[in-house]
Amino acid sequence: MSLTAKLTLKDNIRMLNLILIIVLICLVTVGLVFVIDRFLPQKIKPVLVIFFGLLSIFLGYKIYESINAPIEFNKVREERFSRVIAKLKDIRDAQEAFKAVNGKFAKDFNSLIKFVDTGSYTITQQRDSSFMRFDKTYGIELQKDTIIIDTLGFVKVKDSLFKNDSRYQSMMNVPYAQNEAKFEMKADIIDKSGYKAPVFEAKVKKEIILYDQPKDLLERENAHQSVEEVNGTEITVGSLTDVSTNGNWPPIYDRKGE
């Protein structure tokens, strides 16, 4: 079942609970009005009826708000996370292109954007070949096999990754965030069993994306530990400790992008 379908199922259950609670409040209110009408003095009846009526409306609203808030939070979260993850994928694509040409990852967005603007891939072709070489051991010419790499041309990184779209120029900006917040990005070289491996990481805290959402729901979001959720307090791609360019989001966001 997809993430969207599961959220819809949860939303339907919450709405059903909301309807049942509202019906219960209405029944309790009717019961109170009946008791007031039958057993209390006439002069205080209007005051109590108005008081309990307003109290019922207030409680009903608070219950509706408490049940509806997670539903709205899930909708906002899914929409915003999708946009943020799409940006992180663009950063990853650009970084992988940068490494393919330069042998390492870009340390900052200025270098990365400049590379996308001006960088090019070299298009090559490999072909098998052979030649004759005199072998001193045997005193005769022997055939030697080799591989010849031909350069066929060049293609611009910008055209390859983004076609006619200029969104890479703002890839550092976090969608929906306040005050033009930027993704954090670092690059490094780490030692993996004697091999010097280039690595990078780009990330943003969930609280920056969901700054205007209820604090209790944000705390619950940050505590997620599930294969179906973005776990932890951040959305990240890459790693500064492992040789990986994966993101920490569930597969549903990749399928949605595709």
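The following is a conversation about how terms are applied to a predicted model of one chain.

Mentor: This is a predicted model in which local features need pLDDT of at least 70, side-chain atom pairs count only at pLDDT 80 or more, and totals for chains, interfaces and linings use all residues. Residues are numbered from 1 along each chain as its sequence is written, and side-chain values use heavy atoms, with hydrogens and water left out.

Trainee: What makes up the chain, in helices and strands?

Mentor: The chain has 7 helices and 5 strands. Helices (H or I, at least four residues) and strands (E, at least two) are DSSP runs, numbered from the N terminus. The order of the elements from the N terminus is α-α-α-β-β-α-β-β-α-α-β-α.

Trainee: Why is R77 called buried?

Mentor: Buried means under 20% relative accessible area, exposed over 50%, and partly exposed in between (1.4 Å probe, protein chains only). R77 has a relative accessible area of 4%, so R77 is buried. Of the 258 residues of the chain, 32% count as buried.

Trainee: What makes R77 and E221 a salt bridge?

Mentor: A salt bridge is a side-chain nitrogen of Lys or Arg within 4 Å of a carboxyl oxygen of Asp or Glu. The closest N and O atoms of R77 and E221 are 2.7 Å apart, and the pair forms a salt bridge. R77 lies in helix α2 and E221 in helix α6 (residues 215–222), so the pair ties together parts that are 144 residues apart in sequence. E221 is at 1% relative accessibility and therefore counts as buried. Salt bridges with shared partners join R77, K206, E221 and E229 into one network.

Trainee: How do you know that K75 and E72 are separated by about one helical turn?

Mentor: They are 3 residues apart in helix α2, which means about one helical turn between K75 and E72. Their closest N and O atoms are 3.9 Å apart, and K75 forms a salt bridge with E72. K75 has a relative accessible area of 48%, so K75 is partly exposed. E72, at 37%, also counts as partly exposed. By the salt-bridge rule the count comes to 13.

Trainee: What does E184 touch?

Mentor: E184 touches E201, A202 and K203, not counting residues up to four places away in sequence. Contact means heavy atoms within 4.5 Å. E184 is found in strand β3 (residues 184–192), and at 39% relative accessibility E184 counts as partly exposed. E201 is at 18% and so counts as buried. E201 also forms a salt bridge with K203, with the closest N and O atoms 3.8 Å apart.

Trainee: How do you know that the buried residues of α3 are on the same side?

Mentor: In helix α3 (residues 109–118), F109, L112, I113, F115 and V116 are buried. They cover an arc of only 155 degrees around the axis, which puts them on the same side of α3. The arc is that of the directions from the helix axis to the C-beta atoms. The exposed residues N110, K114 and T118 are carried by the face of α3 turned away from its buried side.

Trainee: Why is F58 called partly exposed?

Mentor: F58 is at 49% relative accessibility, so F58 counts as partly exposed. F58 lies in helix α2 (residues 45–102).
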